[in-house]
Amino acid sequence: MELRVLQYFLVTAREENITRAAALLHITQPTLSRQLKQMEDELGVSLFHRGGNHFFLTEEGMLLRRRAQEIVDLARKAEKELKHGGESVSGEISVGCGETQNMKFLSDTIASFQKKYPDVRFHIYTAIADDVKERLENGVLDFGLLLEPVEISKYNYVRMPFKERWRVLMRRDDALAEKEKITPEDLAGVPLIIAKRQSVRNELENWFGHDTRKLRIVSTCNLSHYNQQVMVESGIGIAMVMEFPCSRDTLTLRPMEAEITGGCVLVWKKNQTLSPAVERFTAHVKECLAEAGNVCRA
């Protein structure tokens, strides 16, 4: 598959209209149709359901779209790194991250780095740790800001300065909101919204101990404190969340008895050649952590 044809495929998948896609790509409609058909013949699958000028992705097409986007992004990233290789420090740095309080420290670090190197652009990709690690492996991301527990033996890493604390998010008019701390017994039989990631679920279930049989999980979430707040506010359930600044007057965060805390690490792949921008940023992060009194490991 040629990179050019992958770009044709992605534009058509986005527009869902062959005429509009051809116009955006500045090629004729017959040429675009022929290129897409040749790609399907090469792969031996149908990528689109066709209805006149309307093209909708098949299941196989949906699978290819994700991989094609990663390939195109990686090619663009490599091109920019090579173009800027001999010049002053510039280019792009891609960071994948979850929703964590350590994003404030990372943001301050990025801001101070850009004062030194204003030609470096950052791309932030927000996702759960499993998605971030996959993109790190594929080379699409340079760094991952990951909440523990996470397997980090294959990465270089630095430990971020703030501990993450689990909290119970509930409505202020909930009877449990009057309690100083929430116990596992308090949540027995209560509708719960918890993390989808299995390793995190295991950690929360360990907190419940022998009461796991009494858990009533009504929903799981991967990310988005906003969505969790809306769900709790609507009365769907009580959410188990990482501590964050809750700004809704109708909601409150309560601490847990036998508090669960976790660390956060910034990781990057071992044994790889770093672009000048990534290499400088790695050093800058370590300097900022040293100033904050943190111990770095890489």
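The axes of helix α1 (residues 3-15) and helix α3 (residues 29-43) come within 10 Å and cross at roughly 110°. Angles of 65 to 115 degrees count as roughly perpendicular, so α1 is roughly perpendicular to α3. The model is predicted. The protein has 298 residues, with nine helices and 14 strands.

**Contact of α1 with α3**

- On the α1 side, the residues that take part are R4, V5, L6, Y8, F9 and T12.
- On the α3 side, these residues meet L32, Q35, L36 and M39.
- Sorted by class, this contact of α1 with α3 holds seven nonpolar, two polar and one charged residues.
- Two packed helices are described by the angle between their axes and the distance between the axes.

**Largest pocket**

- Rolling a probe the size of a water molecule over the atoms shows where empty space is left.
- The volume of the largest pocket is about 270 Å³.
- Twelve residues line the largest pocket, and D73, E92, S94, H123 and V140 are the closest to its centre.
- Two or more lining residues come from each of α4 (59-83), β3 (91-97) and β4 (120-126).
- Helix α4 gives the largest share of the lining, with four residues.
- The lining is made up of six charged, four nonpolar and two polar residues.

- T58 sits in the loop between β2 (54-57) and α4.
- Helix α4 is also the element with the largest share of the lining of the largest pocket.
- The relative accessibility of T58 is 5%, and buried means under 20%, so T58 counts as buried.
- Leaving aside residues up to four places away in sequence, T58 touches S46, L47, F48 and H49.

**Whole protein**

- Taken along the principal axes, the C-alpha atoms fill a box of roughly 70 × 50 × 35 Å.
- Of the residues of the protein, 45% count as buried.
- Among contacts with a separation of 6 or more, 73% are between residues 24 or more positions apart.

Note on methods: Residues numbered from 1 in each chain as written. Predicted model: local features only at pLDDT ≥ 70, side-chain atom pairs only at ≥ 80, totals over all residues. Heavy atoms only, no water. 1 Å grid on protein atoms, 1.4 Å probe; cavity = no way out; pocket = protein on both sides within 12 Å on 5 of 7 lines; lining within 4 Å. Points joined across faces, edges and corners; volume = space filled by probe spheres on them. Nonpolar A, V, L, I, M, F, W, Y, C, P; charged D, E, K, R; others polar. Axes fitted to C-alpha atoms, helices over the stretch in contact; angles between N-to-C directions. Parallel < 35°, antiparallel > 145°, perpendicular 65-115°, else oblique. Contact = heavy atoms within 4.5 Å. Buried < 20%, exposed > 50% of the residue type's maximum accessible area, 1.4 Å probe, protein only.
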